[in-house]
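Here is a friendly walk through this structure, point by point. Keep the 3D view open beside the text and follow along.

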Amino acid sequence: MTRVLRDERLASRLVTPIGHHLQGEPVARLSRSSSSSASASVSGSTSTPAGGPPKRCATAVMLETLTTGLAAVREPRLVRERFEEELRALVRATSVTFRQDADERARPNVVSYEVPGSPFDDRPWLEAVFDPSRPADDRARQMLAAGAQIAGLLLEIERANGRWPLASARSRSDGAAPLIGSSRAIRAVRDRIERVAGTDFTVLIEGESGTGKELVARQIHELSRRRRAPFIAVNCAAIVETLLEAELFGIEERTATGVRGRRGKFEHAHEGTLFLDEVSDLSPAAQAKLLRAIQDLSVERVGGCGARRIDTRIIVASNRSLATLVGQGRFRLDLYYRLNGVDIQVPPLRHRKDDVVELTTYFLERHRTFRPLSLSTAATDALLAYDWPGNVRELERVIERAVALAGGPFLELDDLPPALLGDYAEVLLPALHDRSTMRAWGSRYARLVLERCSNNKRQACRQLGISYHTLQGYLGFRPEKANVQVTG
């Protein structure tokens, strides 16, 4: 693999078009008749004044990053993540990531370049987010353009190794997966994340279970200045009341017999981000202890005799409205005011149905190496008709079930859970299995609507948009008798 990246013709083609050094000075063009000039460009060096060290162009630095990374690890995805980090440092951006789709909105602090690749694939984009106080200059744009060319080569390497590029982008252990979706609701969430990430304010994330609240918190951390520090996630509902102080604030050595001293979650998240999930499940006593730690930005270990200062950003999440719980007397008002600095409302999946197909495609592509599946039209209609009480988490489990049980190259209605199908299971599946005619299907549907209208035929006609005479024709047709005649 590294042999491919060290090919002289490939390297010369990548290095030649970029006419600037890291310091901004021009790179000598390759001479077709001069082998020495070509070898100098391949190695990333150019002629410099006497006595000065040779300067290396940006593309050569990024090529070296790829070659050394591929030689050190077996997983190309890790090289891509290292490449993103190196490029981010070179252009001094807040973040550099790959996107599967381009954001059509004009944002002054975001620079995007299309990544070249196979013509039959959706072209990914290399996106860099800059601090509004220090926007991208010409040098940064030129380096990002060079990075986009090399990124295309890197994604092809992932594809050649049986991986699906960007299917699990940002999947490092302390990183965040992408927020999938292009609906107006999810775009508003992305915009709020970008605005909040530049601050150190406390953030309250509210939304139903399974909507991706922790994913939003990780995105905020990844885009903030604390991204190099730990992201510590704590499920408040899973902490035993008697161990809450030790878990969050730590415990001193030999506080009790056989107890070993350890740091708490607040100290583990020092200079990073502490994410408190399901904070609404904390007891009143636990809320009081949490309030003191957030107010003073200091913690005192169990059995300790002094407070320890901490520099930690607090992000909390709840699947219930904290304002409603405050009105019911089930959540402390003073703690609510401490946590509700900036709020982000994550919409449920039923309120952004436009993202269902995009999310389904994303989950299918993530498991493509195990079993490539395409979404059928009938299955798409069933997925769009469902309300998704479990939100994105439920959709992910449904797709995993389909990938495991599918019998063909397409995800069909039979591969979906019966509970998800609803009326599809009662009406559509029997028609598909029996290969019913359109008239037979219309007859079954008319009966279903009539039953829902409490056998009121005139109301059923209005709902179906047909005349009374047409409804009588559908009700008088018996699909089972028609099948018997055809068989006989």
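1. Let us start with Leu-291, which sits in helix H11 (residues 284-296); helices here are DSSP runs of H or I with at least four residues, strands are E runs of at least two, and both are numbered from the N terminus. Leu-291 counts as buried because its relative accessibility is 9%; buried means under 20% relative accessible area, exposed over 50%, and partly exposed in between, using a 1.4 Å probe and protein chains only. Leaving aside residues up to four places away in sequence, Leu-291 touches Arg-332, Asp-334, Leu-335 and Arg-338, where contact means heavy atoms within 4.5 Å.

2. A word on what you are looking at. This is a predicted model, in which local features need pLDDT of at least 70 and side-chain atom pairs count only at pLDDT 80 or more, while totals for chains, interfaces and linings use all residues. Residues are numbered from 1 along each chain as its sequence is written, and side-chain values use heavy atoms, with hydrogens and water left out.

3. Now the overall picture. The protein chain contains 22 helices and 14 strands. Of its 488 residues, 44% are buried. Among contacts with a separation of 6 or more, 68% join residues 24 or more positions apart.

4. Pro-116 is 37 residues away along the chain, and the C-alpha atoms of Leu-153 and Pro-116 are separated by 8.1 Å.

5. Next, please look at helix H14 (residues 356-366) and helix H16 (residues 391-405), whose axes come within 10 Å and cross at roughly 45°. Axes are lines fitted to C-alpha atoms, for helices over the stretch in contact, and angles run from 0 to 180 degrees between N-to-C directions. H14 passes H16 in a right-handed crossing, a label used if the near helix is turned clockwise from the far one by less than a right angle, with anticlockwise giving left-handed.

6. Which residues of H14 and H16 meet? From H14 come Val-356, Leu-359, Thr-360, Phe-363, Leu-364 and Arg-366, and they meet Val-392, Leu-395, Glu-396, Ile-399 and Val-403 in H16. By class, the contact of H14 with H16 has 8 nonpolar, 1 polar and 2 charged residues. Here Ala, Val, Leu, Ile, Met, Phe, Trp, Tyr, Cys and Pro count as nonpolar, Asp, Glu, Lys and Arg as charged, and the others, Gly among them, as polar.

7. H14 also packs with helix H15 (residues 377-385), at an angle of about 120° and with the axes 10 Å apart. That makes H14 oblique to H15, and the crossing of H14 and H15 is right-handed. Val-356, Val-357 and Thr-360 of H14 make the contact with Thr-380, Leu-383 and Leu-384 of H15. The contact of H14 with H15 has 4 nonpolar, 2 polar and no charged residues.

8. Further along, H19 and H20 pack at about 120°, with their axes 9 Å apart. H19 is therefore oblique to H20, and their crossing is right-handed. Tyr-445, Ala-446, Val-449 and Leu-450 in H19 meet Lys-457, Ala-460, Gln-463 and Leu-464 in H20. By class, this contact has 6 nonpolar, 1 polar and 1 charged residues.

9. Two loop residues deserve a look at their backbone. Asn-455 lies in the loop between helix H19 (438-452) and helix H20 (457-464); its phi is near 65°, a positive value in a residue other than glycine, and at 58% relative accessibility Asn-455 is exposed. Arg-92, in the loop between helix H5 (76-91) and strand E1 (95-99), has a phi near 60°, likewise positive in a residue other than glycine. Arg-92 is exposed, with a relative accessible area of 58%.

10. Finally, how many disulfides does a search of the whole structure find? The search finds 0, a disulfide being a pair of cysteine sulfur atoms within 2.5 Å. The sulfur of Cys-453 has its closest cysteine sulfur in Cys-461, 9.2 Å away, so the pair is too far apart for a bond. Cys-453 is buried, at 3% relative accessible area, and Cys-461 counts as buried at 9% relative accessibility.

Definitions and conventions. Angles under 35 degrees count as roughly parallel, over 145 as roughly antiparallel, 65 to 115 as roughly perpendicular and the rest as oblique.
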